[in-house]
Amino acid sequence: MNPFIAALLCTSLLCIANLLPATANAAPPIAFDIVAERTHKPTLFTQGLLVDGDHFYESSGLYGKSLLVTYPIAEPESTWAKISAPFTRKLALPAEFFAEGLTLLDGKLYLLTWQEQTLLVYNKNNFALEQKLAYEGEGWGLATDGKWLIRSDGSDQLFFHQAADFALMHQLQVTDGKRPVRQLNELEFAQGFIWANIWYEDRIVKIDPKNGKVLGELNLKALKQQLKLTSSEQVLNGIAWDEQRQGFWVTGKLWPKMFLIRIAAD
Ligand SMILES: [Ca+2]
């Protein structure tokens, strides 16, 4: 490359780089406290996590290993009993399905699959398969605001489906300042907002469901660091609102622990 053009390009790039901080990470950090922790079975490749009453419901991914499980939030006292505590209910998925996001609406568990374009609908109480519904695109995270089933696909888009047939009704781009926020993964709807794990990052963003704007973010880097994880697959993923405890349970794929975090009062 002509050195003069190269110098010009560098100057332009520096200009762009100098402009970036003004729009990058526009969302302010959200202060929180860790108020409890508990064990998380480190065999679970967490894709979806939710709380219903006194139980967790969790989906675990990978082909040939995908599971839907439920287990009590309260743990036994002894360490051995905690680690070996059985699931209240466990369903192994057929090997062709890679389980992804999970949500609960009107007594039905809705489970996305990664690339199989199939939504699996289960009875919450006995895990009986009630419906299989088709959709287009990938399935990553799933949440509900009580009306819509809200899906992520790893892009910067959120897709709003109606529950009866999973028909796509509208979609929303998620932006932080002017920048699209991509790699949206596990989702939760709580306190009027959509909360999303960003894949391969240690943060959860708070999204305004009306316009897709990121209003703030939870930085969970310190929390992950204390686990001394050894595999790059052990990413933060799993966020569940616990109404009774007024906080979010968070965990990650193959993590040995779950944490209850509570957003600090203003
Ligand atoms: Ca969730």
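This is a predicted model: local features need pLDDT of at least 70, side-chain atom pairs count only at pLDDT 80 or more; totals for chains, interfaces and linings use all residues.
Residues are numbered from 1 along each chain as its sequence is written, and side-chain values use heavy atoms, with hydrogens and water left out.

Let us begin with strand 21, residues 247–252. Strands and helices are DSSP runs numbered from the N terminus, a strand (E) having at least two residues and a helix (H or I) at least four. Because 6 of the 6 residues of strand 21 are buried, the strand is largely enclosed by the rest of the structure. Buried means under 20% relative accessible area, exposed over 50%, and partly exposed in between, with a 1.4 Å probe and protein chains only.

Two strands pair if DSSP finds at least two bridges between them. Strand 20 (residues 236–242) pairs with strand 21 in the antiparallel sense over 5 bridges, and here Asp 242 has Gly 247 as its bridge partner. The hairpin of these strands has 4 residues between them, and Gln 246 takes a positive phi near 55°.

Strand 21 also runs antiparallel to strand 22 (residues 257–263), joined by 3 bridges. Phe 248 stands opposite Ile 261 in strand 22. This hairpin, too, has 4 residues between the strands, with Leu 254 at a positive phi near 65°.

**Aromatic pairs**

Across the whole structure, a search finds 12 aromatic pairs. Two of them share Trp 199:

| Pair | Centres apart | Planes | Kind |
|---|---|---|---|
| Trp 140 and Trp 199 | 5.4 Å | 80° | edge-to-face |
| Trp 199 and Tyr 200 | 4.7 Å | 90° | edge-to-face |

Trp 140 and Trp 199 link distant parts of the chain, 59 residues apart. Trp 140 lies in the loop between strand 9 (129–134) and strand 10 (142–144), and Trp 199 in the loop between strand 17 (193–198) and strand 18 (203–207).

How open are these residues? Trp 140 counts as buried at 11% relative accessibility, whereas Trp 199 at 29% counts as partly exposed. Tyr 200, at 45%, counts as partly exposed.

Technical notes: Rings of Phe, Tyr and Trp (its six-membered ring) pair if their centres lie within 6.5 Å; planes under 30 degrees apart count as stacked, over 60 as edge-to-face and the rest as tilted.
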